[in-house]
Amino acid sequence: MAPYLHYTALALLVILASSPPSDHVVAAPSHHRPVGMKSLHFSFFQHETINKTGYIIVNGVPGKGVVSQTTTPFGTIFAFQDPMTVTANRSSKLVGIAEGTSITSSLDGLRSISIAKITLDLKGHKGSISVVGGTHNIKPSDHPVVGGTGDFMFVQGTVTSSPVELEGLTVVYKIEFHLYWPPYAMKT
Ligand SMILES: *[C@@H]1O[C@H](CO)[C@@H](O)[C@H](O)[C@H]1NC(C)=O
Ligand SMILES: *[C@@H]1O[C@H](CO)[C@@H](O)[C@H](O)[C@H]1NC(C)=O
């Protein structure tokens with residue numbers, strides 16, 4: 001079953017790659033853009049302050065992993081509601097919030113599985129984007145987009161989170177959105 005599916009997927013990719021882009025596709029120029037899809041690329045900054053916008057809800061397994069500024073014990077459940085702004089400066093314009101939870105998933109305490117809903121209030125684009133994926137505490141991580149609401153309905157793609165500032169009580173992440181809409185989701 002699995003090998004068959006694999007070949008079907010490959011065949012589909014070959015067909016997609018060889019078909020010319022359709023005329024009525026509106027798309028922003030981008031290096032990442034698959035042929036024939038509307039796409040949107042932008043980035044914001046997420047600010048997380050321990051015991052203010054982010055809290056450890058359940059402690060992980062004691063003795064697993066060294067507890068430091070960048071690690072949490074295996075199994076730690078963390079919840080957050082973080083503001084997102086236009087620049088890395090917390091005083092810059094607020095454009096959204098990221099609400100979610102993460103569970104420490106590697107024994108060394110450096111990686112977690114994250115679930116988040118990012119609500120954005122942008123000019124022309126209001127709604128939410130939901131992501132699920134693995135996060136590395138000190139390296140950039142790609143999170144698959146699982147869907148969206150409002151102006152982000154039917155959205156696909158990835159949201160990349162990269163640590164910018166890990167020292168101090170507030171940690172800052174750069175959040176890059178690489179969003180794509182499948183052809184059936186486009187307004188005619
Ligand atoms: C956050 O709160 C917990 C529980 O009160 C406390 O143990 C921890 O030291 C606090 N962390 C910081 C960085 O203030
Ligand atoms: C952040 O923005 C505020 C308000 O615009 C400004 O006063 C402050 O100097 C900025 N901080 C940094 C570190 O750039």
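The following conversation goes through a predicted model and the reasons for the terms applied to it.

Visitor: What kind of model is this, and how are residues and chains labelled?
Guide: Residues are numbered from 1 along each chain as its sequence is written, and chains are lettered from A and ligands numbered from 1 in the order in which they are written. The model is predicted, local features need pLDDT of at least 70, side-chain atom pairs count only at pLDDT 80 or more, and totals for chains, interfaces and linings use all residues.

Visitor: What is the pLDDT of the protein, and over which residues is the pLDDT below 50?
Guide: pLDDT is the predictor's confidence in each residue, from 0 to 100. The protein averages 83, and 78% of the residues score at least 70. Residues 1-29 fall below 50; beyond near neighbours in sequence, this stretch has 13 contacts in the model, a contact being two residues whose C-beta atoms, placed from the backbone, lie within 7 Å. Where pLDDT is low, the predicted coordinates should not be read in detail.

Visitor: What makes up the secondary structure?
Guide: One helix and nine strands. Helices (H or I, at least four residues) and strands (E, at least two) are DSSP runs, numbered from the N terminus. Along the sequence the pattern is α-β-β-β-β-β-β-β-β-β.

Visitor: How do you know that strand 8 and strand 9 pair?
Guide: Two strands pair if DSSP finds at least two bridges between them. Strand 8 and strand 9 have nine bridges, in the antiparallel sense, so they meet the definition. One of the bridges joins Pro 163 to Tyr 173 in strand 9. The two strands form a hairpin with four residues between them, and Gly 168 in the turn has a positive phi of about 85°.

Visitor: Which strands does strand 7 pair with?
Guide: Strand 7 (residues 141-148) pairs with strand 8 (residues 156-165) in the antiparallel sense over four bridges. Asp 142 stands opposite Thr 160 in strand 8, and Pro 144 has Thr 158 as its bridge partner there. Strand 7 is also joined to strand 6 by three bridges, again antiparallel. Strand 6 and strand 7 form a hairpin with four residues between them.

Visitor: Why is Val 131 called buried?
Guide: A residue is buried if 20 or more other C-beta atoms lie within 10 Å of its own, exposed if 12 or fewer, and partly exposed in between, with C-beta atoms placed from the backbone. Val 131 has 25 other C-beta atoms within 10 Å, so it is buried. Val 131 lies in strand 6, and its bridge partner in strand 7 is Val 145. Beyond four places in sequence, the contacts of Val 131 include Ala 116, Ile 118 and Val 159. Of the 188 residues of the protein, 25% count as buried.

Visitor: What makes a nonpolar core, and which residues touch the most other members of the largest one?
Guide: A nonpolar core is a set of buried Ala, Val, Leu, Ile, Met, Phe, Trp, Tyr and Cys residues joined through C-beta atoms within 7 Å. The largest core has 21 residues, of which Ile 129 and Ile 175 touch the most other members. Strand 1 (38-49), strand 5 (111-122), strand 6 (125-136) and strand 9 (170-181) each supply at least two residues, and strand 9 gives the most, with eight. Beyond four places in sequence, Ile 175 is in contact with residues including Phe 44, Phe 45, Met 84 and Val 159.
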